[in-house]
Amino acid sequence: MEKIVNKVANSALEVFDLEDYYPKGIRVQIDISQWFLEGFLLKEKDFRAQLQEHNWSQYQDQYVAIHCSTDAVFPAWATILVAVHLAPFAKKIANGTIEDLDAALYEEILSQIDFSVYANKPVIIKGCSKKPVPVRAYILAAQHLQSQARSIMYGEACSAVPLYKAPKK
């Protein structure tokens, strides 16, 4: 009987798994339209009063996305004012959805990684994840890796999709 050899484990292939960098913590989304008249009209005096009365401490150490679920047209300062109230409590604040928030988190995290460890190596960006890794994070990872890696693939070692191959020097 022939010995089974794990060729993937013995290869030079490096796996870059974005799940390894997923920040732990509670993510919440605040709908700014809750403070608008009938969800659409911002009345500044009422808006400011409601923000003053809101319990902002409930967002202590959480990741918060600020969005509007209605088609309301409102000034940019409204979102900024909500962020100002959140700032003493939230770990991170982003405008948009939870996915936008996660993308902003990954943007920060990926900018701090030393990608030179992948220099001239074949790299696979692990695809299947159990955590909600946004597509934007995969794009950012590929951009960072492209300046270093010999090749970049996506997926799993058994069924990787080629994305990039560095030009021969």
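Throughout these legends, a residue is called buried when its relative accessible area is under 20%, exposed when over 50%, and partly exposed in between, as computed with a 1.4 Å probe on the protein chains only. The views show a predicted model, in which local features need pLDDT of at least 70 and side-chain atom pairs count only at pLDDT 80 or more, while totals for chains, interfaces and linings use all residues. Residues are numbered from 1 along each chain as its sequence is written, and side-chain values use heavy atoms, with hydrogens and water left out.

**View 1. Alanine 94 is a buried residue of strand 4**. Helices (H or I, at least four residues) and strands (E, at least two) are DSSP runs, numbered from the N terminus; strand 4 covers residues 92–95. The relative accessibility of alanine 94 is 10%. When residues up to four places away in sequence are not counted, alanine 94 touches Val64, Ala65, Ile66 and Leu101, a contact being heavy atoms within 4.5 Å. Leucine 140 lies 46 residues from alanine 94 along the chain, and the two C-alpha atoms are separated by 18 Å.

**View 2. Threonine 79 is buried in helix 3**. This helix spans residues 76–86, and threonine 79 has a relative accessible area of 15%. Beyond residues up to four places away in sequence, threonine 79 touches Ile32, Ile66, Phe74 and Asn95.

**View 3. The largest nonpolar core has 19 residues**. Such a core is a set of buried Ala, Val, Leu, Ile, Met, Phe, Trp, Tyr and Cys residues joined through side-chain atoms within 4.5 Å. The members that touch the most others are Phe16, Leu18, Tyr106, Leu110, Phe115, Ile125 and Leu145. Helix 4, strand 5 and helix 5 (135–146) each contribute at least two residues to this core, and its largest share, six residues, is drawn from helix 5. Leucine 110, leaving aside neighbours within four places in sequence, is in contact with Phe16, Leu18, Phe115, Ala137, Leu140, Ala141 and His144. Apart from this core lies another, of 17 residues, with Ile32, Trp35, Tyr59 and Ala78 among them.

**View 4. Salt bridges, four of which occur in the structure, join charged side chains**. The term denotes a side-chain nitrogen of Lys or Arg within 4 Å of a carboxyl oxygen of Asp or Glu. In one of them, glutamate 14 pairs with lysine 121, the closest N and O atoms being 3.6 Å apart. Because glutamate 14 belongs to strand 1 (residues 14–16) and lysine 121 to the loop between helix 4 (98–111) and strand 5 (122–126), this pair ties together parts that are 107 residues apart in sequence. Glutamate 14 is partly exposed at 28%, and lysine 121 is likewise partly exposed, at 30%. Another salt bridge joins aspartate 102 and arginine 27, with 2.5 Å from N to O. Aspartate 102 lies in helix 4 and arginine 27 in strand 2 (residues 27–31), so here the linked parts are 75 residues apart in sequence. Both partners are buried, aspartate 102 at 2% relative accessibility and arginine 27 at 16%.

View 5. Arginine 48 is partly exposed, with a relative accessible area of 38%, as is glutamate 44 at 41%.

**View 6. Glutamate 38 and asparagine 120 have positive phi values**. Most residues other than glycine have a negative phi. Phi of glutamate 38 is near 55 degrees, and this residue lies in the loop between strand 2 and helix 2, where it is exposed with a relative accessible area of 74%. Asparagine 120, which is not a glycine, has a phi of about 55 degrees; it is found in the loop between helix 4 and strand 5 and counts as exposed at 52% relative accessibility.

**View 7. Serine 57 occupies the loop between helix 2 and strand 3 (63–67)**. Serine 57 is partly exposed, with a relative accessible area of 40%. Its C-alpha atom is separated by 22 Å from that of lysine 45, a residue twelve places away along the chain.
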